[in-house]
Amino acid sequence: QTAGKINELMIRINGLQSVIDLNTSNTHETIRMHNDKIVDIVAQITGKTNKSAHIGQIGENYVINVLKTAYPKAIFELSVSEAHQADIHMTSEDGKKVFIEVKNYTSTIQTKEVDKFRYDLKTNDIKFGLFLSFGEKISKMHNKFHVENYDDKIVLYASCLEQNPSDVILSLEALLRLADIDNNSIIDVNKNLNESLPQIIKMTEDLDELFTQTNQNF
């Protein structure tokens with residue numbers, strides 16, 4: 001009887017998972033359709049036809065708006081028109097300078113984009129970097145979160161992100177916490193980070209709702 005009840009429960013759970021997956025997929029598709037409509041409207045208004053540039057700008061503006069709300073005491077600057085500069089420059093409340101690169105591509109992020117970001121960090125002597133990719137993987141990086149620690153720099157790569165505040169905030173929070181860790185302790189960060197990812201996601205499952213409520217209250 002117990003085994004039968006467990007099997008029945010598992011069937012219900014699997015059915016619920018299917019419904020959740022379907023609803024999630026539908027939501028993501030709706031977001032993509034809305035983004036496409038926004039891009040088309042912008043193109044009509046501006047008369048410009050470079051759709052990729054519009055999509056990229058939407059991603060950059062989205063990230064900076066989320067972070068400005070989540071970190072009101074930090075300083076953010078957009079620098080997309082400057083050579084050898086990341087998309088967003090952040091100075092945290094405690095003085096940490098972070099370069100943030102935002103990719104909103106429809107295909108895998110190529111290694112040359114990663115190399116360019118590394119070069120920008122080196123050229124500007126920036127110790128902390130955050131590389132965000134919405135929807136797509138980053139070439140040669142198999143995990144959703146990947147950490148590099150080299151030449152006194154810490155870089156966090158986050159891929160396959162959805163356009164919701166928690167994905168952006170969680171990625172930056174992870175980088176800022178890593179920035180407070182002694183360099184010798186970061187060797188096994190990739191392994192530990194990915195092992196702990198389910199717990200991290202569970203801890204932040206209400207973050208989007210909290211973010212929305214905060215926006216309504218201020």
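Me: Buried means under 20% relative accessible area, exposed over 50% and partly exposed in between (1.4 Å probe, protein chains only). What share of the 218 residues in the chain is buried?

Reply: This is a predicted model, where local features need pLDDT of at least 70, side-chain atom pairs count only at pLDDT 80 or more, and totals for chains, interfaces and linings use all residues. Numbering starts from 1 along each chain as its sequence is written, and side-chain values use heavy atoms, without hydrogens and water. Buried residues are 37% of the 218 in the chain.

Me: Where does D87 lie, and which side chain of opposite charge is nearest to D87?

Reply: A salt bridge puts a side-chain nitrogen of Lys or Arg (positive) within 4 Å of a carboxyl oxygen of Asp or Glu (negative). D87 sits in the loop between β1 (75-78) and β2 (88-91). D87 is buried but has no salt bridge, and K103, the nearest side chain of opposite charge, is 5.4 Å away. A polar atom of the D87 side chain lies 2.9 Å from the backbone nitrogen of V102.

Me: Is M10 buried, partly exposed or exposed?

Reply: M10, in helix α1 (residues 2-46), counts as partly exposed because its relative accessibility is 40%.

Key
Helices (H or I, at least four residues) and strands (E, at least two) are DSSP runs, numbered from the N terminus. A polar contact is a pair of N or O atoms within 3.5 Å; within protein, one must be able to donate a hydrogen and the other to accept it, and residues adjacent in sequence count only if both atoms are side-chain atoms.
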